[in-house]
Amino acid sequence: MQYEIITIFPGIFEAYFSEGIIRKAIRQGLITIRVHDLRDFTSDKHRTVDDYPYGGGPGMVMKPEPIFRAVKSIKADGVDTCTIMLTPQGIRFHQEMAVNLSKEKRRLLFLCGRYEAIDDRVRNMLADMEVSIGDYVLSGGELPALVIIDSIVRFLPGALGDAHSVEEESFSWGLLDYPHYTRPPEYEGLRVPDVLISGNHKAISRWRRKEALRTTWQKRPDLLQRISLSDEDKILLSEIKEETR
Ligand code: 9D3
């Protein structure tokens, strides 16, 4: 899978791509990432990428010419490309989109904005999709691009290695996580639940499912509405509600 990024702050990406799962995915040849400095596609001596808004108002607007040029130069190799524009007006990113993008055949091009806005001709002519990562104000599209790439790479076969099982993933899908513990079994009088030390795998599995249901019911009851609960889940939930009374 190939990712292209257009930004005025290429340095933001270098650190993140040099660590952890993304670094591993790059080294394995699973993905290639190229970061393009928008200023390289300007033609004036000040390498200007922004200008005042027509009609007035606060802030600056990203000029269309450097962005059109950058996109044109990336697409010049003829590779089929899906251009994702990061904007607060975009559709909200979620896990299912990450799954779909991880299966995307086209190369992904992330267009990161800064300043108050991007000239709307860019959205009109170049964007295949407009994506936001949530309803809070950030300073630009770089963090959203990183968030989206990170979440996609996790779904690429081979990116996570043996430590992670698809079985676990399907088990927890749609629920919040159960509580985790590691050694020591007792820390300053605080004990790890006995069942986890019991070696009884069936009991451990039931406990984890129950605690995942409990946490979800307590903190994100909306998530329970969106998944289909098994008969076992319904029993566990009634036990939880019984315990809470
Ligand atoms: C306070 C400025 N806002 C006036 C109503 C508009 C605005 C312009 C530019 C708000 C944020 C930004 C920069 N943000 C992004 O480019 C961005 C973003 C975000 O801020 N939140 C969540 N997802 C995204 S994707 C791109």
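Predicted model: local features only at pLDDT ≥ 70, side-chain atom pairs only at ≥ 80, totals over all residues.
## Basis

Local features need pLDDT of at least 70 and side-chain atom pairs count only at pLDDT 80 or more, while totals for chains, interfaces and linings use all residues. Residues are numbered from 1 along each chain as its sequence is written, and side-chain values use heavy atoms, without hydrogens and water.

## Ligand site

The ligand is surrounded by 16 residues, where a residue counts if one of its heavy atoms lies within 4 Å. Glu-116, Ile-133, Gly-134, Tyr-136 and Leu-138 are the closest. Strand β5 (81–92) gives the most to this shell, three residues; strands are DSSP runs of E, at least two residues, numbered from the N terminus.

A nitrogen atom of the ligand lies 2.8 Å from a polar backbone atom of Tyr-136. For Ile-133, a ligand nitrogen is 3.1 Å from a polar backbone atom.

## Cysteines

The structure has zero disulfides; a disulfide is a pair of cysteine sulfur atoms within 2.5 Å. The sulfur of Cys-82 is 14 Å from the closest cysteine sulfur, in Cys-112, which is too far for a bond.

Cys-82 is buried at 1% relative accessibility, and Cys-112 is buried at 3%. Buried means under 20% relative accessible area (1.4 Å probe, protein chains only).

## Helix α9

Helix α9 (a DSSP run of H or I, at least four residues) has 19 residues, 201–219. Its expected span, 1.5 Å times one less than its number of residues, is 27 Å, and the end C-alpha atoms are 27 Å apart, which agrees. Buried residues in α9 include Ile-204, Trp-207 and Leu-213.

Terms used
Buried < 20%, exposed > 50% of the residue type's maximum accessible area, 1.4 Å probe, protein only. Polar contact = N/O pair within 3.5 Å; in protein donor to acceptor, adjacent residues only side chain to side chain.
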